[in-house]
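Colleague: Could you give a close account of one part of this model, together with the terms needed to read it?

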Amino acid sequence: VFAELEKQRDELLAWAKARKQIFETPTRDTTAQMAELMGRYPNFAAAGGSANAADPWLIAHARVTGTTVVTFEQFQERSKATKPPKIPNVCHEIGVPWLSPIDFFAAAGISF
């Protein structure tokens, strides 16, 4: 994820650099889960530095750690499925919980 943010060179990168310790190195289990995801969804992250290269890593990490993915992406009905697939679709298909940021804040009891 951090490597993907480095390509953007924006305010988010500055924020991430100040908190680099929160970015974990993938474990052996996460790497194995990543390989399984890419076998099942070969076009999930295009080769060559795709803007969504971190997406399968996030899902693999969540699956291994039993955590929830938070994403702005929206679930796409099968008739409107995209290539590469959207994060919520992959999460749904493999049983990884996911929330929108608004739903995450609501679940955490944070209101604006």
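Modeller: Helices are DSSP runs of H or I with at least four residues, strands are runs of E with at least two, and both are numbered from the N terminus. This is a predicted model, in which local features need pLDDT of at least 70, side-chain atom pairs count only at pLDDT 80 or more, and totals for chains, interfaces and linings use all residues. Residues are numbered from 1 along each chain as its sequence is written, and side-chain values use heavy atoms, leaving out hydrogens and water.

I shall take helix 4, which spans residues 55-65. Helix 4 contributes five residues to the lining of the largest pocket, the most of any element. Helix 1 (2-6), helix 2 (11-18) and strand 1 (69-70) each supply at least two. The volume of this pocket is about 1,300 Å³. Its lining comprises 35 residues, and V1, F2, F23, A54 and L58 are the closest to the centre. By class, 20 lining residues are nonpolar, nine polar and six charged.

Helix 4 also packs with helix 3 (residues 28-40), at an angle of about 125 degrees and with the axes 8 Å apart. The two helices are therefore oblique to each other, a term for angles that are not under 35 degrees (roughly parallel), over 145 (roughly antiparallel) or 65 to 115 (roughly perpendicular). Eight of the contact residues are nonpolar, four polar and three charged.

Key: On a 1 Å grid over the protein atoms alone, a cavity is a set of points where a 1.4 Å probe fits but cannot get out, and a pocket is an open set with protein on both sides within 12 Å along at least five of seven lines; lining residues have an atom within 4 Å of a point. Grid points are joined across faces, edges and corners, and a volume is the space filled by probe spheres set on the points. Ala, Val, Leu, Ile, Met, Phe, Trp, Tyr, Cys and Pro count as nonpolar, Asp, Glu, Lys and Arg as charged, and the others, Gly among them, as polar. Axes are lines fitted to C-alpha atoms, for helices over the stretch in contact, and angles run from 0 to 180 degrees between N-to-C directions.
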